Amino acid sequence: MPGIIPSSIRSVLRRTALCAFCALSLAATPALADVDEANDPAEPFNRAMFDFNMALDRALLAPVSRGYRDYTPDPLQTGIHNALVNLRSPIDLLNTLLQGDFARAGIVIKRFVVNSTAGIGGLIDVAAETGDERQKEDFGQTLAVWGVDGNPYVVWPLLGPSNPRDSIGAVADLVSDPLFWLGMNSDWDAAEPLMWTRFGMTVIDNRVPLLDPLEELERTSVDFYVAVRDFVRQQRMLEIMNRKSSDRPSEGEGYRFSFSPQQS
Amino acid sequence: MFNPIHRAANAARGLFCAVVLLFAATGNALAADTANATRFITDLVDRAVNDVIGADLSNAEKEESFRRMFVEAADIPGIAGFVIGREWRTASPEKKAAFIDLFEDVSILTWISHLDEYRGIKIEVTGAYADKNDVFVESRVGPKDGQPVAIVWRVQERDGGVLKLIDVVIEANSMLINTRKQYASVMKRDGGLDGLMASLSKMRDDLRAGKKPTAQAQQ
């Protein structure tokens, strides 16, 4: 429909669609349905994409993220992280509402108000100090709550591990972000550079906490691709269930599967 | 490392803990088990930190110390059977024994080859809870710099009250499951248990030679 959307907007849309995917790139998929179920019919393609992404990561994203982590002051990193999280509040809010979780929607609103004011434009997470922690939500999680399955596994070039549900979710997150429309419709010259800065910082901010764990996983695994696939799915499951990694799963769930010693 | 006085003192402390917990009228029959498992893990980590990581030993001596500790604390044959899955039942006793040796070597070498990174590591046990058969000891492990990681140690009691470590859960990720999935994939690709063992042998050689493992590169 070339006539409906002006081409300049279309190109921004296309590029920004890429951003949203990237921002999500290191999260995906739930459901540890069966321990031995790979749910990865496109594995040869996915492996090729995984290798490509890792090569790019090693050449560019990881060194940049490491530099950022090691050579910028910690308070600055924390401030940037908090500000990025604060800017995502509309998406968190929309999705808590779509999930019918009004209690958590209230927390999102409270956090946004408190952190944007007392927290100096979101730089300080004042709300977390009083117990209102971030409610990280996205449309992929909403779809999961609505019963959409997170299989099969897909690895997109540049964008990383995902699945059909979360890929659709990422597009929905992009178009439901008021800042995206604000940036596109603004006459202000700085709007687009700011949008790109936010995108770049989001990618780096997401990569930093994974620098050590991913390196460790690569070093200790005999099949890095499968190790990452499993890791990513587990993390995504925690997000969907609104759990922290330190929360206790119920019996028979998560890492509390049954294990009885084998006779050898 | 196996100082008898140290061990006796630990045992006494464990007994004391158990007795205290029994009389604490918590109404929880598993409380004593939880306390024992917690002590088992605390002791294990203390030994790893003081007798291996921070000890003034050669690399070979460290490997030996760690191996003794690992073999004593973990149910390696049980873990080996679990990570192989279905093929384990049909494998010959010789093959099982060979795999257990290989698995033990690779586990130890991957850990020992980056020992320096664990220097100054801090661990804090934050809680524990029990199922019918298992105790999950919860901890936060902090690297020199950076955020602490949530690690859960899964412990099972065996005949005679012997405790065995069977799983390490990192950020809610069971290493037992993760390893089983990796092995399933390698076995499917490289022709069953023999193929997996070939990959692991190569990994072991690379680790011994101080090279980065390359087993994962082949597809």
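**Exercise 1.** In the hairpin of β3(B) and β4(B), which residue takes a positive phi, and how many residues lie between the strands?

*Solution.* A quick note before we start: this is a predicted model, where local features need pLDDT of at least 70, side-chain atom pairs count only at pLDDT 80 or more, and totals for chains, interfaces and linings use all residues. Residues are numbered from 1 along each chain as its sequence is written, chains are lettered from A and ligands numbered from 1 in the order in which they are written, and side-chain values use heavy atoms, with hydrogens and water left out.

Step 1: find the strands, which are DSSP runs (E, at least two residues) numbered from the N terminus. β3 of chain B covers residues 149–158, and β4 of chain B covers 162–170.

Step 2: check the pairing, for which DSSP must find at least two bridges between two strands. Here 8 bridges join β3(B) to β4(B), running antiparallel; V155(B), for one, has L165(B) as its bridge partner in β4(B).

Step 3: look at the turn. There are 3 residues between the strands, and G160(B) has the positive phi, near 80°.

**Exercise 2.** Work out what follows β4(B).

*Solution.* Step 1: β5(B), residues 173–174, pairs antiparallel with β4(B) over 2 bridges.

Conventions. Helices (H or I, at least four residues) and strands (E, at least two) are DSSP runs, numbered from the N terminus.
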